Amino acid sequence: MTKVRPTQATSASLGERDEEVAAVERALDTLCADKSSSGSLLVLRGEAGLGKTALLAETRRIAEARHCTVWSARGSETLSSVPFNVVRQLLQPALLSLMPEEAREYLGDWYDIAGPALGITEPGERQADPQGVCDGLVAAVRRLARRDWPLVLLIDDAHWADQETLRWLAAFAERLGEQSVLVVVARRPGEVGGDSARHLDAVAAAGSSVATLSALTPDATAGLTRATLGAHADAPFCREVWAVTGGNPYETVELLAKVQDSEFEPTESAAAELRALNRSARGGGLVARLETLGIEATRFAWAAAILGTGISVDLVAELATTSVDDAVRCADLLRAARILTEPDPASGQPDDGDLEFVHPLIASAVYNSIPDALRTAMHGIAARVVTDNGRGAAVAARHLLEVHPDSDEELVEQLREAAREHLAVGAPDAARRCLERALVEPPPPEAHARVLHELGCATLLTAPATTIDHLQSALAMPGLDGDERVDAVYRLSQALLHNDQLEEAVRTVEAEAARHQAGPARLRLQAVQFMWEGLHAGEATSPGRSTRLAELAATCTGRDNSERALLILRGFDAMARGENAEEVVELCDRALVNGRLAPGLGWTDPEWGLELPMMLASAYAFTDRLDRAETLYNEALRAYESAGWSGGHLALAHAYVGLGHRRRGRLREAEASLRQSLALAERVGRRLPLHWSATCNLVDTLLARGHVDEAWEIAEQYGFAPPYPTTIVLPDPRSVRGRLLLAVGRTKDGINELEAAEKAADVRGHHNPVVVPWAVDLARALAGEDPARAARLATDVRRHAERLGTDTAIGEALRCAAALETGQRAVRLAEQAVTYLEASPCQYEHAAARVEYGIAARSAAELRRGLTLARSCGADGLVAQAETAMLSGVV
């Protein structure tokens, strides 16, 4: 925690900052008034030297006077590539002050997820999920804030903060209403671009106050001058101080300190000396002043600037190749020259070292003054020094990134190790930088393809297009053989899938499979090919796929994961095509080991990914084996939560848990899960398959609840409309949108959408009427204008339902047929529908059948039973329909 400490000059430099100080005081009043108050965020924007640090120091002074806990941190120009650097400064001291068991108790499940990023525990074996780590850091502050209320967080030079910290800060700012914390962020405008700029903009948008600082006026500069030098400073001298510094508070304070050191009177006759003094306080003047202290002091300052953090006399002596005694003397000289200072011992930051630069502007000026060749060489020495001192490859990596390429095999291995360490704590961007630098070295020929492979895996979730280039290059050169090559091909196909290049993904694994003889590797590639084809929404990729898959799966006994994968894929395909449900379930059961997912096919296992277990669970869900499906969906949710995977994986898990609730008829629970899924999916990005899954199922659930207006709002807000994704979404989004259009009264559009669903399903051969329910709604919509076609559709639905053989499918087909009939035939069909759906696990459909049967048979008893079921499901529209029928005298 880098402390900002007020001095007399600093306090004086707060002139013309009354509004900003008042905003801080108001925020502290709110924070301290009530432990349950919402958090607030203040942003201070201003160019270098305009007093941001002074305002943070004043915030600390006021907060500590009110007995607040204050933690602070500062970004650094030379440390912006170090992941989690700033958030570690903020949180690590408080956590290290606790016993390990206390820290684990405070952080709970987040300890193993966020702890490695904070440097308080070792990472686990799995690669950390960046979104999960970010959420864990948000949770860490929330939990610590309860213990340390009222808590104030100060972040200086946020424009130089590492990207991982900025991502956390943006996420924390969005959820500030959930925790009673005051955050004050100081930054320069501009300075950064890309994701860092986006995160900083998000922080500013969430801020309750954004203050843009301006330079001091001549009057304020005169006040500061007289407060520092004495009331006798005359007006011409004060005016010249303002003219020389441009009203920059930092430059003014430094200039006045030089005036004090020079011991000349602040009068008009001495004003001419001010420009020369000011030049010596910054930029080239500062460098010239540094040189007057001697070459040893200069090298000491250079070494300190290279280290950037953890500046200890011993380390600097080693880096500057000087004795410890000479290093101590140089440190004293640089402190006296107001270049270095001692850190505040109250900060508690374990890596603060013995020294720090007085101001970031000085640190930058000293660093930039080092001759280029020497700076590069010193970074190389610094990497060895920090490694020899046991700080690890990840710490050394920021120095290695600056070293000139020289075909150094050892450096390549260090960077690969650093990348692994970064991935283990949830910093894939830092890993990417290390591996990209390793390629520039370059690696030896025998390792080149492996480095490309590792780089492709590191960028898989963040930059699919880049991943594709890296992996294609790796596969085109020697070095990847056997299982390693097969894995690279699989990762490449994953990247192509994420980049919406599914057909190329299929061709890639197909071509690689053709290179292999019969055996486990070829079987795995064939399974991957069938998997991607199975997720494709069109048949053009591979005609005859289902036949070939059935023939290959018929030879499988489930003896290894490739065979188990093929059995799952065959089961899913048979389910989607509407083949016999008992045979589907038998295929799926054979893919399990003692009724559970086999090792290597689990939700977090990287060899196959989440697609296979999701397809397995869905095959169960749409063949009326909801108990097995829900067990798998809930296992996925627990696995991702415990692993801290809170990005797309968790979004999809919540979506499918919601699907399980929806199929079961627990509509309120389904809506809650799906809204949570959609919120997570929004953070990952729209138009992705996981976003479609959340949106489609939420719209479907709201329609089942009878909340038509809400369903339409969701569809409009989240783009639930053509063009549809190239991957399969369950249930079929065209069918759901067609039902939505009918519900809002756009009958013609609804019919067109359902007819489009019909064509797409026919092309794919998908005839499971529960997965692709277009025909039921289209038959009802056409009943008035084209009863003959409606009747044909109802007949086809029943035929497909009986082929599938589930109670749900047959019951829904009978409901459809009953809706097209009148009189006693309608009653008989409605009664048969009730019989089937009573045996089905889908309680909403059962409730709907009861209500419809009650109305057709004019039975108050059936209506009451249907009403009770509808209420338990949360089907408000069905409840209203039943109540209206009872009140209107239909029964």
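Let me begin inside the chain, with strand β3: Leu151, Leu153 and Ile155 point one way from this strand, Val152, Leu154 and Asp156 point the other way, and all are buried. Buried here means under 20% relative accessible area, exposed means over 50%, and partly exposed lies in between, with a 1.4 Å probe and protein chains only. Strands (E, at least two residues) and helices (H or I, at least four) are DSSP runs, numbered from the N terminus.

Before I continue, a word on the source. This is a predicted model, in which local features need pLDDT of at least 70 and side-chain atom pairs count only at pLDDT 80 or more, while totals for chains, interfaces and linings use all residues. Residues are numbered from 1 along each chain as its sequence is written, and side-chain values use heavy atoms, with hydrogens and water left out.

Now to the chain as a whole. It has 45 helices and seven strands. Its C-alpha trace spans about 110 × 70 × 50 Å along the principal axes. Of its 891 residues, 58% count as buried. Contact means heavy atoms within 4.5 Å. Among contacts between residues at least 6 apart in sequence, 68% join residues at least 24 apart.

I return to β3 and the sheet around it. In which order do the strands of the open sheet lie? The order of the five strands is β2-β3-β4-β1-β5, and the pairing is parallel. The edge strands, each pairing on one side only, are β2 (69-74) and β5 (209-212). On average, neighbouring strands of this sheet are turned by 15° against each other, direction ignored; axes are lines fitted to C-alpha atoms, for helices over the stretch in contact, and angles run from 0 to 180 degrees between N-to-C directions.

Two strands pair if DSSP finds at least two bridges between them.

On a 1 Å grid over the protein atoms alone, a cavity is a set of points where a 1.4 Å probe fits but cannot get out, and lining residues have an atom within 4 Å of a point. Grid points are joined across faces, edges and corners, and a volume is the space filled by probe spheres set on the points. By this rule there are four cavities of 30 Å³ or more. The second largest cavity has a volume of about 70 Å³. Its lining includes Ser81, Pro83, His422 and Cys434. Helices α20 (392-400) and α22 (428-440) are the elements that give two or more residues to this lining.

Proline 731 lies in the loop between α36 (708-718) and α37 (733-743). For comparison, most residues other than glycine have a negative phi, and most peptide bonds are trans.

Which non-glycine residue has a positive phi of about 60°? That residue is arginine 338, in the loop between α17 (324-336) and β6 (340-341). Arginine 338 is partly exposed, because its relative accessible area is 29%. Aspartate 624 also has a positive phi, near 70°, and lies in the loop between α31 (611-621) and α32 (626-643). At 17% relative accessibility, aspartate 624 counts as buried.

Leaving aside neighbours within four places in sequence, its contacts include Leu667, Glu671 and Asp876. Alanine 826, in helix α42 (residues 823-839), is buried as well, at 8% relative accessibility. Not counting residues up to four places away in sequence, alanine 826 touches Ala818 and Glu821.

Notes
On a 1 Å grid over the protein atoms alone, a cavity is a set of points where a 1.4 Å probe fits but cannot get out, and a pocket is an open set with protein on both sides within 12 Å along at least five of seven lines; lining residues have an atom within 4 Å of a point.
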